[in-house]
Amino acid sequence: MPKGSDLLVAALANEGVERIFGVPGEENLDVVESLRNSEIELILTRHEQGAAFMAATYGRLTGKPGVCMTTLGPGALNLTTGAAYALLGAMPMIMITGQKAIMKSRQAGFQIVDVVSAFKPLTKMSRQIVSTATIPTLVRDAFRIAAEERPGPVLLELPEDVAGEQAEPFAMVPQHPIEIPVAHRASLDRAAKMILAAKRPLIMLGAAASRPRSTSGIGGFVSRTRIPFFNTQMGKGTVPGGTNLYMGTAALSERDYVHEAVDRADLIIAIGHDTIEKPPFIMGPKGPQVIHVSYTPANVEQIYFPQCEVVGDVGPSLELLADRVEGRLHDAGALLSLREGILSHISDRNKEDRWPMTPQRIVHDVREVIPEDGIIALDNGMYKIWFARNYRTYVANTVLLDNALATMGAGLPSAMMASILYPERRVMAVCGDGGFMMNSQEVETAVRLKLNLVILILEDSAYGMIRWKQAVDGFPDFGLTFGNPDFVKYAESYGAKGSRVTKCDDLIPTLEAAFKGGGVHLVVVPIDYSENKRVLVDELRAEVKPLETLAE
Ligand SMILES: Cc1ncc(C[n+]2csc(CCOP(=O)(O)OP(=O)(O)O)c2C)c(N)n1
Ligand SMILES: [Mg+2]
């Protein structure tokens, strides 16, 4: 007779789960035993946060929920940041947590936290499994809820007595294909009318444009309409390169060079925009009209209130929209004359050999060693703005960054997940010295899994981004610097390789050698952040005027 844990594992296998990330506790031992007898691989991490970031990234990259597992109380609570990361970032994920027995209570309150309640605001669904009979249906429902638009995390708590209980061999619920409805004809007609009337149209690609199912249809829409596009940070790469229509990435909310196009547009077709991202532009009473195209309706915000919505499966809906406007657009490329100016400002000084290295040069050099389908996974820090703004992308989901929860500590685990999924592609984690140390213990996991991974650490011995904000806001420089371990020795102590870059011209060859050598290789480079103020504050203030000022 099977046990509850056997049913759980069979239900996971029924969903096509190949691996579970986590740190088990004694309450999970029945599940661990059932996993031992299954095809599902248990991948231990060195902190539950790493497991959650990896599972969420699996969901982000495949569209299918990634799975992580922890014990009760302390282990489960270590998943909270990962749950929020998946919730805000719309990444499908299943968290399975243990719990003390619910039918008997032989340990009183020891380690017991109301995990199900704690995760209610951090998940799409948070449930305790109370009987073995419900396991197949609950698991099927959990996967359905996690994966359907808008995707996100689900928590299932399996108490240890339910896990160990003898059960009937209940049948699994088979999966079936589900098609997402396509946008209504009336909304497509309305949107087409607005596009045909526009004098200076612009497309914006947002976070949901990066869903694995979205990307093919979007490329078709852009190439058929020839309307220039820009993207949000999480929409990077969704339209393949070579279109000559890319106008930039909105890493700031206003007054960056790309906003010269945004401010002049009279219509923005916002594809897959999710207002969870730091705003890519700010709608006001005078600005452009906006058509929202996505899986779900637009959230109405003070700074985002589209006048038209095309809601449905993004790819097929855009195909129908392109059918209505293709060949009838006379002003599609009106804003293209701004393109060259915007892109040349962005690439300004990207070959400068100042030491320590400038962010522009680092971004440039990283791009040189990463092939078009190579993946960089960014942690959170000042460099994220520079990479979002300056790093050109040609393939969807080749820049994994978190512009939703914007948590530190996810860069390394998300890169590890990409490396597991795409062993044939180059994968690099880009981390600050602050963010790297928040989950650096996962270097051991990466070494144990024999991953090929380069970890680039940008060293300024500070929480640089906050230090920058402190300076911009006119506060004295205080309280944001720290010391670092010797990163090369640190890498070596894990059985990884380590290199320190000591002059500009060494970065590219060091990274090349690291990729060629294979395995886990940590590369440290000092970064000079004085460019933050010079470019992102002083230069932009002087060069990019809001439209009203220009009109005066
Ligand atoms: C978990 C978490 N804690 C704090 C913050 C606030 N925060 C954002 S960026 C940053 C500094 C990042 O420092 P580092 O990783 O060294 O990158 P740098 O900006 O120095 O390049 C901090 C503290 C955050 N986003 N996430
Ligand atoms: Mg730093």
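This is a predicted model: local features need pLDDT of at least 70, side-chain atom pairs count only at pLDDT 80 or more; totals for chains, interfaces and linings use all residues.
Residues are numbered from 1 along each chain as its sequence is written, and chains are lettered from A and ligands numbered from 1 in the order in which they are written. Local features require pLDDT of at least 70, side-chain atom pairs count only at pLDDT 80 or more, and totals for chains, interfaces and linings use all residues, while side-chain values use heavy atoms, with hydrogens and water left out.

Helices (H or I, at least four residues) and strands (E, at least two) are DSSP runs numbered from the N terminus. Six strands form an open sheet with parallel pairing, in the order β14-β13-β15-β16-β18-β17. The edge strands are β14 (399-400) and β17 (497-500); each has a single partner strand, so one side of each lacks a neighbour in the sheet. Strands count as paired if DSSP finds at least two bridges between them. Five bridges connect β15 (residues 427-432) with β16 (residues 453-459) in the parallel sense, and A429 has I455 of β16 as its bridge partner.

Burial was assigned from relative accessible area (buried, under 20%; exposed, over 50%; partly exposed, in between; 1.4 Å probe, protein chains only). Helix α16 (residues 411-421) is mostly covered, with ten of its eleven residues buried. The buried residues include L412, P413, M416 and I420.

The largest pocket holds about 900 Å³ of space. A pocket is here an open set of points on a 1 Å grid over the protein atoms alone, where a 1.4 Å probe fits, with protein on both sides within 12 Å along at least five of seven lines; lining residues have an atom within 4 Å of a point. The volume is the space filled by probe spheres set on the points, which are joined across faces, edges and corners. Of the 37 lining residues, G63, K64, P65, A147 and E148 lie nearest the centre of the pocket. At least two lining residues come from each of β1 (19-23), α3 (48-62), β3 (66-70) and α7 (135-147).

Most residues other than glycine have a negative phi, and most peptide bonds are trans. The bond joining E149 and R150 is cis, with omega about -15 degrees, and R150 lies in the loop between α7 and β6 (153-159). A cis bond also leads from W355 to P356, with omega near -5 degrees. Phi is positive at Q111, about 65 degrees, and at R226, about 60 degrees. R226 is partly exposed at 41% relative accessible area.

The model contains 32 salt bridges, each a side-chain nitrogen of Lys or Arg within 4 Å of a carboxyl oxygen of Asp or Glu. K100 and E27 form one, with the closest N and O atoms 2.8 Å apart. K100 lies in the loop between β4 and α6 and E27 in the loop between β1 and α2 (29-36), so the pair ties together parts 73 residues apart in sequence. K100 is buried at 6% relative accessibility, as is E27 at 2%. R534 pairs with E539 at 3.3 Å between the closest N and O atoms. Both belong to one network of salt bridges with shared partners, joining D348, R349, E352, R354, D528, E531, R534 and E539.
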